[in-house]
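Colleague: I have the model open and would like to go through it with you. Could you take my questions as they come?

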Amino acid sequence: MKTNRRWFLSLPGFAILASMLVIPLLLQVLTSLGLAKNLSEFPRAGSWRRIFESTLYLRLLYRSMWSGLVATAIAIVIAWPAGWAISRVPKGIQKVLLGTVILPYLVSTVLLIYGFFVLLAGNGPLMSVISLTNLISADSSILYTHTATVLMLAYEALPVLILVIYASSESIDQALIDSARSLGATRLKRFFHIILPLTMPGLVAGSALVFVPAVGSFVESQILGGPNGILLGNVISDQIRRINDPAFGAALSLMLLSAVLTAAYVFGRLLKPLYRRSNLA
Amino acid sequence: MTKAQKIVIASVELILYAPLIVVILMSFNSSLYGTFPFSFSLKWYSYLLKSEDLLIASWRSIWLSFVVALLATTIGTMFAVWRVSVKSVIGVASDGILVATVAIPWLILGIAMLQVFNLIGIGRGTVSAVIGNVAVVLPYVVFVVMTRLRGLDENLIEAGRSLGATQLKSFYRITVPLAMPSILGSTLLAFVVCFNNFTIQYFLLPLGVRTLPLEIYSQVRTGYSPAINALATVVLLGTVLIALLLERLGAGSKHFRDHR
């Protein structure tokens, strides 16, 4: 097997990836510039100018990015202790726990959003329980607010983040932590000097994997976000499904894609010193 | 397990399962609006059996996911077999493209694919939806099978070759059987991911042709729907079964590894 005679096996895969990823994205560039005239009934040039004519779309982009960031941050705060805890339990239980973490990831997002919708509904299960405290009435709810959308995005990020943190925690030698403890390192010190630097590389990669789709989300805000909760994703989706302006939709989606990839890259670079400096790894 | 570990794990499991448990509970609640008091009833399940829209959508989803899973497994396994034999830049570049397919928001991919289908004149349709879904589930198949192939003992293949098996024969008699659990596992994974994918189907299927995620979406937009609770419970049950099967296949590959 010195010379690679298997190259032909890769052809169908490359054909699919090229025709469904590379070519479509390149075509979107042409479409957004209004150059792909024969493609749609309503070819329009000047889509890029339209984006920057008002601050509306930039504000929506900002809101989408900020929502993705807050959702990722909330998810990290919940996933970190969980991923760490799962990495320290006996193997038998660990397998079951990992299974229960993966399961929601396999469930349809639309179903999960619907579950959130039922959970949060006024007079629904959650509000009925909370209203027992008499602090707020059962028919008030955060449903149809932007908060609900962000919480939903955080929820969706949990399985991936827990798995990533688990995977990078699992390889940390318990002896390392025990010896730090016996040398007098406090719980906080052990966290910041051992656990944090060692789980950081996995966490950065995992965060990017959940942040990017969160910024590009649109179903969450449509169902849970209420009239004032729309994100850039909703506007993009509407260009295709309702307004039939593919050129503008292409321009908006390319703006979203480049912004989110830049952000993910910059955050990765900013966080790098945090774990590069550690010579434990 | 320490007490702190137990508390942390229990709370995160509660968060993960709250929306699912609520839907399951509500599917047995006779209230039309999902409100309390709770009174047990199976009427939404019998309603479900009579709801033609939901049954048609379910059948369409199963059929679509089945075709997509078969195609993706075939193409993806071939791709993985090629990928493990390559150490050049092309291999790394193909990994990059696969990761991009998973990481780029499906909204952006979906509308970009639609443009291509519009360009070549197919437009929205079942064929478009099949091809688009194969593309987004392909990375899952490739990574699962690739991981398994990388873990295979090269000595077994070498031994087969030295005993006179041709390259093709050693592939079919040694590599494929050893990788089988992961190939079957990737088929199930591809099925589940496609079955649950809303976004690609939203943009690539013709308006009015609804798979299950699309049907659920359109019903949810008009408000609470108890029949959806019952359906969601059934779908969840199916997902759990497939997840258990996946787990068994994972155990199967471990069995192979331990006894080789």
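Colleague: Why are A:Arg181 and A:Asp178 separated by about one helical turn?

Modeller: Because they are three residues apart in helix α8 (residues 174-182) of chain A, A:Arg181 and A:Asp178 are about one helical turn from each other. Helices here are DSSP runs of H or I with at least four residues, strands are runs of E with at least two, and both are numbered from the N terminus. Before we go on, this is a predicted model, in which local features need pLDDT of at least 70 and side-chain atom pairs count only at pLDDT 80 or more, while totals for chains, interfaces and linings use all residues. Residues are numbered from 1 along each chain as its sequence is written, chains are lettered from A and ligands numbered from 1 in the order in which they are written, and side-chain values use heavy atoms, with hydrogens and water left out.

Colleague: And what do the side chains of A:Arg181 and A:Asp178 meet in?

Modeller: They meet in a salt bridge, at 3.1 Å from N to O; the term stands for a side-chain nitrogen of Lys or Arg within 4 Å of a carboxyl oxygen of Asp or Glu. A:Arg181 is partly exposed at 45% relative accessible area, and A:Asp178 is partly exposed at 33%. For these words, buried is under 20% relative accessible area, exposed is over 50% and partly exposed is in between, with a 1.4 Å probe and protein chains only.

Colleague: How many salt bridges are there over all chains?

Modeller: The count over all chains comes to seven salt bridges. One of them joins the side chains of A:Asp245 and A:Arg50, at 3.2 Å from N to O. That pair links distant parts of the chain, 195 residues apart, with A:Asp245 in the loop between α11 (232-243) and α12 (246-276) of chain A and A:Arg50 in helix α2 (residues 47-53).

Colleague: Is A:Asp245 buried or exposed?

Modeller: A:Asp245 counts as buried, because its relative accessibility is 0%, whereas A:Arg50 counts as partly exposed at 32%. In chain B, the side chains of B:Glu215 and B:Arg210 also meet in a salt bridge, at 3.7 Å from N to O; B:Glu215 is buried at 4% relative accessibility, and B:Arg210 is partly exposed at 32%.

Colleague: Changing topic, how many helices and strands are there in chain A?

Modeller: Chain A has twelve helices and zero strands. Buried residues make up 53% of its 281 residues.

Colleague: Which residues touch the most other members of the largest nonpolar core?

Modeller: They are A:Ile162, A:Leu224, A:Leu252 and B:Met113, in a core of 164 residues. Helix α7 (residues 146-170) of chain A gives the most to this core, with 14 residues. A nonpolar core is a set of buried Ala, Val, Leu, Ile, Met, Phe, Trp, Tyr and Cys residues joined through side-chain atoms within 4.5 Å.

Colleague: What does B:Met113 touch, not counting residues up to four places away in sequence?

Modeller: Its partners on that basis include A:Met20 and A:Pro24 in chain A, and B:Ile200 and B:Leu204 in chain B, where contact means heavy atoms within 4.5 Å.

Colleague: What about aromatic rings, and how many aromatic pairs are there over all chains?

Modeller: The count is 21 aromatic pairs over all chains. Rings of Phe, Tyr and Trp (its six-membered ring) pair if their centres lie within 6.5 Å, and planes under 30 degrees apart count as stacked, over 60 as edge-to-face and the rest as tilted. A:Phe218 and B:Phe198 have ring centres 6.3 Å apart and planes at 40°, so this pair is tilted. The pair crosses between chains, from the loop between α9 and α10 of chain A, where A:Phe218 lies, to B:Phe198 in the loop between α8 (167-196) and α9 (199-204) of chain B.

Colleague: Are A:Phe218 and B:Phe198 buried or exposed?

Modeller: Both A:Phe218 and B:Phe198 are buried. B:Tyr202 and B:Phe203 form an edge-to-face pair, 5.0 Å from centre to centre with 70° between the planes, and A:Phe218, B:Phe198, B:Tyr202, B:Phe203 and B:Tyr217 form one aromatic cluster.
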